[in-house]
Amino acid sequence: MGYILSPEAADRLIASLADDCLVFAPKRFVGGAVFSDLDCIRYGEVKTAGEIVFDQKSDYSFKEILTPVCQALFYFTEDQIKEADAPEKGAVVFLRSCDLHAVKRLDDIYLNNGEEDYYYRRLRDRVKFVVMGCSEAFDSCFCVDMGTNVPEGYNMSMEPAEGGFAIDCRDAELDELLGSLADRECDVEPSHVEETKTRVKIPEGLTQDVMRSKIWDEYDGRCIACGRCNFVCPTCTCYTMQDLFYTENGRVGERRRVQASCMVDGFTDVAGGGSYRKKNGERMRFKTLHKALDYKQRFGYQMCVGCGRCDDVCPEYISFSRILNRLGDMMEEVNTDAE
Amino acid sequence: MLNNEYVPFLSEIKEVIKHTAMEYTFRMAYEGDIRPGQFFEVSIPKYGEAPISVSGIGEGTVDLTIRKVGAVTNEVFEKYAGDKLFMRGPYGNGFDYDDYRGKELVVVAGGTGVSPVRGVVDHFASCPDETQGLTLIAGFKSPHDMLFRDDFPRWEKTSNIILTVDADDENTGMKVGLVTEYIPGLELDAVEDAAAIVVGPPVMMRFAVKALLDRGFREENIWVSQERKMCCGLGKCGHCKVGDTYICLDGPVFNYTKGKFLID
Ligand SMILES: Cc1cc2nc3c(=O)[nH]c(=O)nc-3n(C[C@H](O)[C@H](O)[C@H](O)COP(=O)(O)OP(=O)(O)OC[C@H]3O[C@@H](n4cnc5c(N)ncnc54)[C@H](O)[C@@H]3O)c2cc1C
Ligand code: SF4
Ligand code: SF4
Ligand code: FES
């Protein structure tokens, strides 16, 4: 069902959603940017529609709601374990089409790669998604080329229109609420873009042979292995286990998992000083092929959703979309060498 | 109710068998199906978790042979029979006896690499009718680095056991040399049908596989076991991923036709 809401009605909508669940949306954090005193747009809890930033891309994705940066798994004493409580409330998450497609990637890793992840499942079951329509692509977006520009499987859509908000609702519970708040009903379809400034073409015949390209070596010097590209990526899922203790004698503590990055030192370290992919270029190769080849071989579709956040965040101005576009040249290089 | 794989269970240490100053086998209480080559995540709260291979399977017990190398393993070495350890698992595919039944089988293992194949060797050494002959080539750094020394005499009764050390610094008269040196001279009835298992440090595995191929083994008859950093054992944390493969889920045991594509 489609609706038009006045700004006041939209505020009431968010307020009543916030009554029994947490509402997460991109918000402005003044002076919160990493490198400067610019504002940072990232996810936070909102209580009114006015707080939601619709006209800028969020620097970080929604993923922290489903895969927290740091998540307690259980608490322990020397011989007893108590599972961390599930969050008391469910959540409503505002996100764009690319990010909504990223949810499918998170689901496939956490629910379909081996057994279901207990902690992910219990959060995931209680989340509803509100897609924010995109009337125009941002400079670094390449969702169309990654096939993620059209939103699918949302509970509700919401975007600024006619001085208020246009909403498409696909959820019975939300429909009830909206019926009483809306100015009027009408047909609404969330906006989506059909073209982007940044274009990406991943070659059809991409194979593991591309590992041998010399081009990866360029990134040995350029990339500083800071891992920011992983942390902003809505499809990166890796984590590391950590034990933490609270008391001096170490008898009480918690085991938790924290987001990890395959670009950062230590990701593959094993006891005795062994480690794989020591060079930053090798890590770049690993990340790129994970996004553009390995994941597809395993799950049947591309992992990268083309949100462009990794391009936006890199302090060395390394463009991931450009790397993807170089894969064709790299394949040619290794094929020629092989002849 | 959903199963929470992350929460470990407590298991009692039934026995501690000391091989060297750095390597002990902890015989843990465990009921359930296990295959050699699978692994458990062993943990001690506050110190963390470590993936450890199954090195033996008994009635109500599982053996874990642990090398003392860091935070968790140091702490495990502070424990005695009667104490308890947290564990979760078993994880991974492990070795499938059916892959080797009815064939001539050659197992090449180096150092702690003997742990994951010990169950396989033990099984086929005690059931010699199941294969067309078992050869184990096991290599250690020196005589005092030897693991499972009590097993070798027993295995020797039914199987061809070649035990070698890199350096015989104690003049024990043991064979000296790398495991690969014994591969060209292997006596086999039909090498094209013979099966081989290779486990050990990466460099040793590379050269051992090469020597087996040179000796006439077919790629599809060679199996290897891989080690990588692992945090979850469940296909989630990403640390063990190589190409499109998750070592913890799809491995750690791979047929060489697949294993040869595992390039970091
Ligand atoms: C499938 C598999 C089977 C293994 N089987 C055995 C075995 O039978 N016996 C044995 O002694 N060792 C085995 N290892 C290696 C063993 O896991 C490491 O030696 C152990 O994790 C070291 O932990 P630590 O905390 O004592 O050392 P630290 O160096 O302090 O370890 C810190 C962290 O690094 C990680 N880590 C370090 N080394 C490794 C490694 N080699 N592999 C994976 N993660 C590592 C662990 O997550 C650990 O929490 C196996 C590893 C794998 C992947
Ligand atoms: S590509 Fe850029 S953001 Fe990513 S690790 Fe390298 S320097 Fe950091
Ligand atoms: S790799 Fe970059 S563009 Fe692709 S989904 Fe991740 S952050 Fe977005
Ligand atoms: S150990 Fe975590 S994915 Fe394999």
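Visitor: What makes the shell around ligand 2 nonpolar, polar or charged in this predicted model?
Guide: Its residues divide into 10 nonpolar, one polar and two charged. Cys counts as nonpolar and Gly as polar, and among the residues that come nearest are A:Cys223, A:Cys226, A:Gly227, A:Cys229 and A:Cys314.

Visitor: And which residues surround ligand 3?
Guide: Among them are A:Cys233, A:Cys304, A:Cys307 and A:Cys310, along with A:Phe142, A:Phe320 and A:Lys291. That shell splits into eight nonpolar, two polar and one charged. Lys counts as charged, so A:Lys291 goes in that class.

Visitor: Moving on to the chains, why is the pair A:Asp294 and B:Lys241 called a salt bridge?
Guide: The cut-off is 4 Å from a Lys or Arg side-chain nitrogen to a carboxyl oxygen of Asp or Glu. Here the N to O distance is 2.8 Å, so the pair qualifies. Across the interface of chain A and chain B, the rule finds three salt bridges.

Visitor: How do you know how much area is buried between chain A and chain B?
Guide: Buried area is the accessible area lost on putting the two together, summed over both, so the figure of about 3600 Å² covers both chains. Carbon and sulfur atoms give 58% of it. A:Tyr118, A:Tyr276 and A:Arg298 supply 17% of what chain A buries against chain B, more than any other three residues.

Technical notes:
Residues are numbered from 1 along each chain as its sequence is written. Chains are lettered from A and ligands numbered from 1 in the order in which they are written. This is a predicted model: local features need pLDDT of at least 70, side-chain atom pairs count only at pLDDT 80 or more; totals for chains, interfaces and linings use all residues. Side-chain values use heavy atoms; hydrogens and water are left out. A residue is near a molecule or strand if one of its heavy atoms lies within 4 Å of it. Buried area is the accessible area (1.4 Å probe) that two parts lose on being put together, summed over both.
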